[in-house]
Amino acid sequence: MSSVAQKILPNSLANAKTADMKNELVDVKDQKGMTTDFGLPVSDPDRWLKVSNGENIGPHLLEDPIAREKIHRFDHERIPERVVHARGSAAFGYFKAFNSDAEKYTSAGVLTDPSRTTPVFVRFSTVQGSRGSADTVRDVRGFATKFYTQEGNWDLVGNDIPIFFIQEAMKFPDFVHAVKPEPHNEVPTGQSAHNNFWDYFNLQSETSHMVMWAMSDRGIPRSFRMMQGFGVNTFTLTNAAGELFFVKFHWLPELGVHSFTWDEALKICGQDPDFHRKDLNEAIENGAPPKWTLAIQVIPETQEHDFDFDILDATKIWPEELVPLIPIGEMILNKTVDEYFTQTEQVAFCTSHVVPGIGFSDDPLLQGRNLSYFDTQISRLGINWEELPINRPICPYMNFNRDGKARHRITKGTVNYWPNRFEQIPPVAVENGGYRQHPAKIAGVKERMRGAKFQEHYSQAQLFYNSLADHEKLHLIKAISFELSHCDDPLVYENAIPRLNDIDHDMAVQVAKNVGGPAPSEPNRKNHGKKSKNLSQLDFMPKTPTIKSRRIAILIADGFDAAVVEAAKGAFLAAGAVPFVIGPRRGEIMPEGAGQKGVFADHHFEGQRSTMFDAIFIPSGRACAQTLASNGRAIHWVLEAFGHLKAIGAVGEAVAFLESACRLPGISFAQFETVGSAPSGGAITVDFGVVTAPKFSAPSSISEGW
Ligand code: HDE
């Protein structure tokens with residue numbers, strides 16, 4: 001590791017990629033003074049050179065190079081945003097392979113060699129909205145990972161949902177046009193709740209399975225850190241003996257899989273549109289770097305046709321009962337980006353970027369993606385996009401591709417072609433690490449077709465629906481109802497009902513009732529009733545419940561019990577949670593008792609909302625409870641949190657406040673375990689456990705009303 005990288009970053013964070021970018025990294029605070037781009041010291045950045053008589057302003061002079069450079073640079077600051085996945089946030093980290101038997105399947109060192117630390121850059125994104133859209137919209141999330149390996153970059157460009165809307169790449173432009181804002185009025189932003197998306201769903205039955213996932217709680221993740229990731233497409237692995245395996249890649253989050261309620265997600269869109277972006281940075285900066293296990297599902301080449309679905313069909317999962325997950329490594333994201341544009345915006349992924357031991361299948365979606373990504377980077381970033389610091393490999397790279405706009409590598413040498421008389425940069429033999437193309441025998445008829453198994457579109461949509469817990473089914477029905485209510489064309493919302501009735505009759509009837517479509521009298525097709533594991537989010541609770549990185553609001557007013565707050569805060573911090581004090585004003589809030597030091601509130605009641613926190617704690621203190629009880633916003637805080645089934649801890653007088661605020665006398669708080677004790681000796685009941693798993697159930701009229 002370079003010593004320069006060590007100067008820039010703490011040792012624990014510097015890695016081969018950050019070292020590679022050291023020459024481009026300039027810290028503003030180390031600079032002496034302002035210059036132009038060509039290095040001229042600037043004495044006046046504010047006043048354009050003009051003709052004047054010393055008193056009155058006259059015409060501006062074009063000759064002013066300082067003003068012109070400043071304006072011209074500004075005029076060209078924007079580049080085209082990504083046609084999909086425009087809004088994203090990213091982080092650096094590393095991947096380490098486990099000591100697994102992955103070598104049975106692949107010769108890729110990044111996946112098999114536990115002694116390697118492979119730097120990664122991961123960009124999370126929403127799909128539909130533009131760069132300025134909100135984070136917590138209902139949408140699929142992108143989960144794209146660039147592995148800077150010793151054999152070149154491997155880009156695993158995945159999503160948080162294991163399947164996709166369509167089976168064929170050629171349908172992608174139509175699908176994207178249908179889901180993006182409508183062409184006549186550019187509405188809606190960051191949503192699929194509109195006529196054109198649902199019209200497409202009605203007419204393309206292959207979208208059934210994915211629409212179930214997108215309308216489920218998976219569409220509104222609590223955090224990027226609490227999402228699974230999937231390569232979605234079927235790739236291939238080849239081992240040292242040249243044997244081929246079909247493979248699906250899975251990322252499994254250490255923190256489990258958690259979502260917002262729809263009401264929270266909707267509100268946060270307005271309250272804090274950057275919620276996910278901030279959440280990622282906050283966790284990394286607070287020492288809770290997110291972690292995922294990489295697991296693979298593998299099918300030997302000879303067993304390709306052994307399943308009742310086509311394993312190359314990206315609208316199908318490989319049920320884990322049939323093809324179990326094999327954990328092979330883990331990834332940790334431990335460094336935030338230094339500059340958004342040059343890193344998060346300029347990073348460019350390509351599904352066609354693979355390394356020896358990893359390859360493609362004939363998955364018809366993947367085949368098209370392999371063409372599309374390279375092409376789109378040319379229009380976003382120019383032909384030399386792979387040279388940009390964030391994109392270039394950390395291993396040596398050299399070939400005879402040359403020139404093009406904004407080429408900045410300077411290649412010394414007298415020949416720029418192969419073969420050349422000096423035999424410079426010869427191809428690398430497969431035995432020496434050159435990429436080995438797996439030989440595949442192909443014979444066939446040239447035609448536009450899709451295989452027979454690709455024609456079945458409902459079985460796995462039913463499998464997914466059947467596997468959900470009751471509350472997840474209810475959320476899904478409500479989500480579809482919300483979306484169809486936003487469709488004002490009866491041709492759309494009425495025709496969606498028979499399509500839903502192809503998946504599940506009860507679901508179709510309930511949605512029809514909600515949105516005013518004709519309720520079907522009988523199912524269009526029988527629901528096979530089968531379930532699969534690891535589809536419901538309940539199957540992804542972390543093994544050890546944790547409140548690490550969870551945001552906890554401590555609600556106080558003057559007259560709170562200082563000892564209780566101090567102890568609770570200490571307990572939260574010790575458990576890795578992030579406590580915030582919320583008071584009637586951002587300023588010092590005074591505890592009960594004379595001569596005590598106040599606590600500085602991080603926010604006032606109006607400045608944040610309960611939606612942005614995972615749990616609430618209210619200390620004892622008579623005056624404090626009285627103030628809270630007479631403050632409408634404070635009451636709203638706890639009532640809303642209660643409605644979202646969040647954990648609420650209360651001590652002493654705060655219990656009565658809570659009972660009256662939630663209008664539910666007799667709630668038992670005894671269910672909370674004691675994790676800390678006040679210096680005064682009183683017990684503090686504040687173990688929030690996994691806050692998305694309700695510890696008590698409120699009447700559904702209340703929880704659903706929020
Ligand atoms: Fe993409 N997709 N995609 N996609 N996709 C892009 O590439 C495309 C698909 C995914 O953070 C674009 O650089 C086609 C599936 C992610 O920079 C573009 C098809 C999956 C990202 C493109 C698909 C994805 C993109 C736009 C159908 C899940 C963001 C900008 C064949 C596995 C990467 C860009 C980032 C971005 C094309 C389908 C995931 C236009 C043609 C399936 C996470 O090249």
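Trainee: Which residue in β17 stands opposite Ile582?

Mentor: His603 does. Keep in mind that this is a predicted model. Now look at the strands that carry the pair. Strand β14 covers residues 578-583. Two bridges join β14 to β17, and the two strands run parallel.

Trainee: In what order do the strands of that sheet lie?

Mentor: Read across the sheet, from neighbour to neighbour. The order is β17-β14-β13-β18-β19. These five strands form an open sheet with parallel pairing.

Trainee: Which strands are at the edges?

Mentor: Look for strands that pair on one side only. Here they are β17 (603-604) and β19 (647-650).

Trainee: Which strands does β11 pair with in the antiparallel sense?

Mentor: Take β3 to begin with. Strand β3 (residues 88-97) pairs with β11 (residues 326-336) over seven bridges, in the antiparallel sense. Within that pairing, Ala97 stands opposite Gly329. Then take β10, residues 291-300. Six bridges join β10 to β11, again antiparallel. There, Trp292 has Met331 as its bridge partner.

Trainee: Let us step back to the whole protein. How many helices and strands are there?

Mentor: The protein has 20 helices and 21 strands.

Trainee: What does the radius of gyration say about the overall shape?

Mentor: Compare it with the value for a compact globule. For 706 residues that value would be near 27 Å; the protein has 28 Å, so the two agree. The C-alpha trace spans about 90 × 85 × 55 Å along its principal axes.

Trainee: What share of the residues is buried?

Mentor: Burial is judged by counting neighbours: 20 or more other C-beta atoms within 10 Å make a residue buried. In this protein, 42% of the 706 residues are buried.

Trainee: Is Thr136 buried or exposed?

Mentor: Count again. Thr136 has 27 other C-beta atoms within 10 Å, so Thr136 is buried. Thr136 sits in the loop between β4 (118-126) and β5 (141-149).

Trainee: Which residues does Thr136 touch, leaving aside those up to four places away in sequence?

Mentor: They are Ile220, Phe260, Ala265, Ile268, Cys269, Phe275 and His276. Take Ala265 as an example. Thr136 and Ala265 are 129 residues apart along the chain, yet their C-alpha atoms are separated by 5.3 Å.

Trainee: Now a helix. Which residues of α15 are buried?

Mentor: Helix α15 covers residues 505-515, and its buried residues are Met507, Ala508, Val511 and Ala512. Look down the axis of α15: these buried residues fall within an arc of 130°, so they line one face of the helix.

Trainee: What does that face pack against?

Mentor: The buried residues of α15 pack against α12 (459-467), α13 (470-485) and α14 (490-501). Check the end of the helix too. Just after α15, Gly516 takes a positive phi of about 85°.

How values were computed. Residues numbered from 1 in each chain as written. Predicted model: local features only at pLDDT ≥ 70, side-chain atom pairs only at ≥ 80, totals over all residues. Helix = DSSP H or I, 4+ residues; strand = E, 2+ residues; numbered from the N terminus. Buried ≥ 20, exposed ≤ 12 C-beta atoms within 10 Å, placed from the backbone. Contact = placed C-beta atoms within 7 Å. Rg over C-alpha atoms; globule rule 2.2 N^0.38 Å. Arc of directions from axis to C-beta. Pairing = 2+ DSSP bridges.
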